Amino acid sequence: MTFLNFFISGISLGSIYAIIALGYTMVYGIAKMLNFAHGDVIMVGAYVCFYAVARYELNPFLGVVIAMIVCTILGMIVERLAYKPLRQAPSLAVLITAIGMSYFLQNTALLLWSSNPKVFPSIVGRGAFKLFDGELSISHITALTIIACLVIMAVLTLFISKTKMGKAMRACSEDKGAAQLMGINVNATISMTFAIGSGLAAVAGALLCSAYPTLMPTTGSLPGIKAFTAAVFGGIGSIPGAFLGGLMLGVIEIFAKAYISSQLSDAVVFGVLIVVLLVKPAGLLGKMTQEKV
Amino acid sequence: MKKILVCALLVLAMSATAFGAAFKIGGTGPLTGGAAIYGTAAMRGAQIAAEEINAMNIDVKFDLRYEDDTHDAEKAVNAYNALKDWGMQISLGSVTSKPAEATAAENFADRIFALTPSASSAAVTEGKDNVFQMCFVDPNQGTASAQYIGEKKLAKKVAVIWKNDDVYSKGVRDTFVENAGKHGLEIVSETAFADGNDTDFSVQLTDAKNKGAELVFLPMYYQPASLILAQAQAMGYAPKWFGIDGMDGILTMEGFDKSLAEGVMLLTPFNADAKDEKTQKFVKKYQEKFGEIPNQFAADGYDCVYAYCQALTQAKATPDMSAEDLCGKMIEQFTTMTFNGVTGDNVRWMKNGEVTKDPKGMVIKNGAYVGLD
Amino acid sequence: MTMRRLINLKRAEARKIYLTYAVVIVAYIVCQVMSSTKFLSSSMRGMLVPICAYMVMAVSLNLVVGILGELSLGHAGFMSVGAFSGVATAILLQGVIPFAPVRLAIAMIVAAIFAAFAGFIIGIPVLRLKGDYLAIVTLAFGEIIKSILNNFYMGIDSQGIQMSMLSDTTRLLPGGKLIIRGPMGISGIQKIATFPAGAILLIIALMIVFNLVNSRSGRAFMAIRDDRIAAESIGLDITKYKMMAFVMSAALAGAAGALFAMNYSTIVANKFDFNTSILILVFVVLGGQGNMLGGIIAAAVLTILPEKLRSFSEYRMLLYAIVLIVMMLATNNAEIKEFLSRLNPFRRKEA
């Protein structure tokens, strides 16, 4: 039973990584950029949600919607000001700008909301489903996160494969130049990708802080890096890969703590990541691109 | 906007005192980054004390300046040097332990006296005759906790959860584990966490629960502790909880469900709910000014400035003295004087810079501290 | 390509190299004179050694990112290995070699060897990967090194060096001394790093990198960067060259780490985290990939900048972030670049 409980803890942690990783992987897949500010957009989303729910006592779901709107707008502004001027620049320049943006968001949050940790009100309460006479429990927030992950995954997959915008996104991801020739507005498509990614970040923020309820200006940065790892683990650019990578990373982290050493769990997690990448160099579900001469 | 106004007023108030020949007193602490809460609190506590003293009708006046060190030894030395360029005469060291170790070495080399509010590792004062601490040194907290739990017979089987990449947590954990056996405690479970994995504590709690720990010792700050308490409740584990001074502040977190902390015991020198006049005055001022209840760091910062005020008055020091002269006088005063502040009465210092004051055993009842015993 | 153009090309290349040396040496002399005549503030004086260390880090990472064309997000890990092995060496030699500069030099060499070894071990798996996957694996290794050092204990007593992992089980005999203390790192370090030593290390690093770049191997590196498949098809041993650059870069980072650590009385593994790796990457990218002088200048500017922003108190790091973003935009956006170059009165007329 202990094993199963650990497994469930791993899934709950992993589902949080997964939902953050979805945002990372989507932006990467289409804009081919590592948006290191993603974790900080999550933090902003969580703060907006916190103020909506705790201060203005709105319905938690309304709070999430407000956070989504704010984050979508924020994502579009960030993209317009910092990333769009660098469309032609080398990818490393964009990476560094994203890091600058991450510092910017963290420090703005510090000035606006102070460094005092806030305790996030859970959006679904702290209850749990009890199975086997209470031997096994799955908290509501875990269930919600997994459902949210699956819904988002399904919607994203449908959106990308069925809609016109989605097709444009796929075209941009394959070949920006050719997409442009086919009359696709590449700039608008990439902006759209950021808007969707940032909206997802708000949902991720609300779920992250509901599951692990302390909120600080630096809340997003470490889970952000872990989620980025998860996205690579599953094969960056692949939406089901992000989901699978996130869950596996969570489970591995908990098992490493439980059965190897709580002190060395990070080393074990990253060690497993390295081994996986050596066996499957493009991640679990990533496409191996064959380079042409 | 309000904040900016307050800052502007503060600057005005301070520059005004600068003309009246004030002691230049400087400190470094994390004002940005993940540890910003500690630095900001200590700075604000010190600011209130400096303002109060400057408004008093006494000879000692302070010109206080805090610089950001982002909880990093390298930046702390930079901040210290910036303060030196400004003309700092006496120093408040650094707020957190590792940066304080680095600046303490500079204090020692430059002969600038330092009294750190909250840097509690033993290495901060080790081998330096002019570096003193306002807070308990970590090893003492570990020893005192083990002794307290043993003597009060709170538990026999004890679990420890500590932070594996933190000097503070490690320092307390080491002496606690070392001394546990002496006081009849058996450590049945010992687990750790670190910066990257400080969200999920199910493994640590399950281990403690399965091994039958009656009490869980938490040598850490209140932010991870709040997560531990919440997760323990969710899994239906209700041991006794025992924290150290870093646990102080847990009740003031915005949105925290105080019932989670019901029955948590902690050793802390400061209690924002204390009924004595000094504490109440400080807490009221702090709340008015910053809109928050001060934690232990703020109280330490506040006491540091008052301790300096007392020492400087007794030594009949004047602001035109050099840092080195002041250093000699301060060493003389701090090794002989007794100080009463918000973090304790009859505070005395040993020659090695460590403080001796009584940690107060507190227990949280109905969302407030109540003195143990 | 005519003979003449070849010579010209070489001259342009050589001019760049001599310019780099000249700038470094002149800057060193100016700072040294200003420092000894007390013209330099304490704040600036205190930053001389770390700036040198960061410059060496920038040069070292430039070898991987700029010349070899692979992204590394874990470079601080090598700095960390160097810092810990270097400082431990210096402490062990304290009684044996009383003359500090020699001790520092030996410590830096030992640090370079340890870091090079770490680079080799890490290079075996890492260099099989490409692009962002390589980047994430270097990040992972950086984190693993941090995690291991946070759990590593080493001490010395009359029976020699004792080591342990996870908890302190070294059981030192009386009179023994615990040097590396897990999460508490190393305390009580003698500050023997000096500005001249830093400048010498920087010059040595530049000499090594320039010699490497302008040798047969250097041309191989750039061939691999520009077209891996073409390079492979003409028979270049990709793995060998990649490994060479990676190990060399790690060794330099290790020496820089030792220099850096011995400028402070204390060092912890957490200092060398992902953020530090990123900081060094910022130096390289801002200075221009493959441009050693650019990286060196960026390292100096970005280390001094946050100190100069202190007067803005709580808005300091916010301004730093804005300046960083603006600098990236200004150096990488074609329109802004064009606008700036129009402002520059000395710009060369394009043919």
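In the predicted model, the centres of domain 1 of chain B and domain 2 of chain B, taken over C-alpha atoms, are separated by 30 Å. The model is predicted, and local features need pLDDT of at least 70, side-chain atom pairs count only at pLDDT 80 or more, and totals for chains, interfaces and linings use all residues. Residues are numbered from 1 along each chain as its sequence is written, with chains lettered from A and ligands numbered from 1 in the order in which they are written.

The domain assignment of chain B gives domain 1 (2–136 + 276–356) and domain 2 (139–268), the bounds coming from an automatic or database domain assignment. Between them, 11 residues of domain 1 of chain B are in contact with 11 residues of domain 2 of chain B, contact being assigned if the C-beta atoms of two residues, placed from the backbone, lie within 7 Å. The side of domain 1 of chain B that touches domain 2 of chain B comprises four nonpolar, five polar and two charged residues, where Ala, Val, Leu, Ile, Met, Phe, Trp, Tyr, Cys and Pro count as nonpolar, Asp, Glu, Lys and Arg as charged, and the others, Gly among them, as polar.

The largest nonpolar core has 356 residues, and C:V56, C:A58, C:V87 and C:L259 have the most contacts inside it. Such a core is a set of buried Ala, Val, Leu, Ile, Met, Phe, Trp, Tyr and Cys residues joined through C-beta atoms within 7 Å, a residue being buried if 20 or more other C-beta atoms lie within 10 Å of its own, exposed if 12 or fewer, and partly exposed in between, with C-beta atoms placed from the backbone. Helix α2 (residues 42–67) of chain C gives the largest share of this core, 18 residues; helices (H or I, at least four residues) and strands (E, at least two) are DSSP runs, numbered from the N terminus. Both domain 1 and domain 2 of chain B give residues to this core, so it lies between them. Leaving aside neighbours within four places in sequence, C:A58 is in contact with C:I280, C:F283, C:V284, C:G287, C:G295, C:I296, C:A298 and C:A299.

The contact between chain A and chain C takes 37 residues from chain A and 35 residues from chain C. On the side of chain A that touches chain C, α4 (91–113), α9 (221–234) and α11 (265–279) each supply at least two residues, and the largest share, 12 residues, comes from α4(A). The residues of this side divide into 26 nonpolar, nine polar and two charged.
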